[in-house]
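Open the model in your viewer and keep the selection tool at hand. This tour goes stop by stop.

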Amino acid sequence: MSSVSKGIEKVEVGLKWDPSPVGTPPNDLDIIAATYLADAPYDSPVYLVHFDSRAPDGTITLNRDSKTGQGFGFDEVMTLELDRLAASYARVVVGVAIQPHEGAKAFGDIPNTAVRIRTGHTDLAENDLSAVSGHTAATIAEFTRNESGAWSFREIIRGFDADPTTFAAVMGTAI
């Protein structure tokens with residue numbers, strides 16, 4: 001179990017939303033995690049974890065990937081085992097992007113969108129993304145490792161107007 005005061009070891013990021021009305025294109029949201037090296041924490045990410053992928057070392061995995069928002073509770077869930085990440089990594093940024101299947105939608109167009117970030121049974125953050133309702137992508141969290149190796153969490157709700165590929169390239173820029 002993780003103790004927030006001793007540093008965060010393992011985190012679960014959950015995302016939920018309501019399905020689109022019958023006869024309309026599906027609402028497809030994705031959690032994206034980007035990892036950054038200690039000596040280049042604001043350069044390009046070393047690797048991304050999103051739909052159909054996982055961290056090369058298995059430390060970040062997408063456990064559940066919804067393409068429609070159907071289901072109960074959190075439809076999409078990502079686990080980050082920060083304590084297992086190699087010492088060369090000092091920053092992980094997590095965001096959410098909307099897939100533009102048939103026309104762009106913003107978070108405000110998708111009902112009941114919510115994210116939850118937790119360690120064990122402790123919620124670190126919950127957000128409905130209303131602050132970025134006019135955007136198509138948003139960062140939601142930043143995890144950083146300090147000199148002693150302990151990870152800390154910072155909620156960052158920052159909107160972007162970008163498709164998922166472009167968002168992945170810029171989501172970790174200086175915040």
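Which residue forms a salt bridge with R118? Select D123: the closest N and O atoms of R118 and D123 are 2.9 Å apart. Keep in mind that this is a predicted model. D123 counts as partly exposed, because its relative accessibility of 35% falls between the 20% and 50% cut-offs. Side chains of opposite charge can pair when their charged atoms come close. The count for this model comes to 5 salt bridges.

**Next stop: R91 and E142**

Select R91 and E142 together. Their side chains meet in a salt bridge, with 2.6 Å from N to O. R91 lies in strand 6 and E142 in strand 9 (residues 137-145), so the pair ties together parts that are 51 residues apart in sequence. Are these two residues buried or exposed? R91 counts as buried, at 2% relative accessibility. E142 counts as buried too, at 5%.

R154 counts as partly exposed, at 39% relative accessibility. Now show the three residues at once. Salt bridges that share partners join R91, E142 and R154 into one network.

**On to a loop: S88**

Clear the selection and pick S88. Where is S88 found? It sits in the loop between strand 5 (76-81) and strand 6 (89-98). S88 is partly exposed, with a relative accessible area of 38%. Which residues does S88 contact, leaving aside its neighbours within four places in sequence? Select Y36, L37 and A38 to see them. The C-alpha atoms of S88 and D39 are separated by 8.0 Å, although the two residues are 49 residues apart along the chain.

**Last stop: a cavity**

Rolling a probe the size of a water molecule over the atoms shows where empty space is left. How many cavities of 30 Å³ or more are there? The count comes to 1. The largest cavity has a volume of about 50 Å³. To find its lining, select P25, P26, I98, Q99, P100, H101, E102, G103 and K105. Colour this lining by class: 4 residues are nonpolar, 3 are polar and 2 are charged.

How values were computed
Residues are numbered from 1 along each chain as its sequence is written. This is a predicted model: local features need pLDDT of at least 70, side-chain atom pairs count only at pLDDT 80 or more; totals for chains, interfaces and linings use all residues. Side-chain values use heavy atoms; hydrogens and water are left out. On a 1 Å grid over the protein atoms alone, a cavity is a set of points where a 1.4 Å probe fits but cannot get out, and a pocket is an open set with protein on both sides within 12 Å along at least five of seven lines; lining residues have an atom within 4 Å of a point. Grid points are joined across faces, edges and corners, and a volume is the space filled by probe spheres set on the points. Ala, Val, Leu, Ile, Met, Phe, Trp, Tyr, Cys and Pro count as nonpolar, Asp, Glu, Lys and Arg as charged, and the others, Gly among them, as polar. Helices (H or I, at least four residues) and strands (E, at least two) are DSSP runs, numbered from the N terminus. Buried means under 20% relative accessible area, exposed over 50%, partly exposed in between (1.4 Å probe, protein chains only). Contact means heavy atoms within 4.5 Å. A salt bridge is a side-chain nitrogen of Lys or Arg within 4 Å of a carboxyl oxygen of Asp or Glu.
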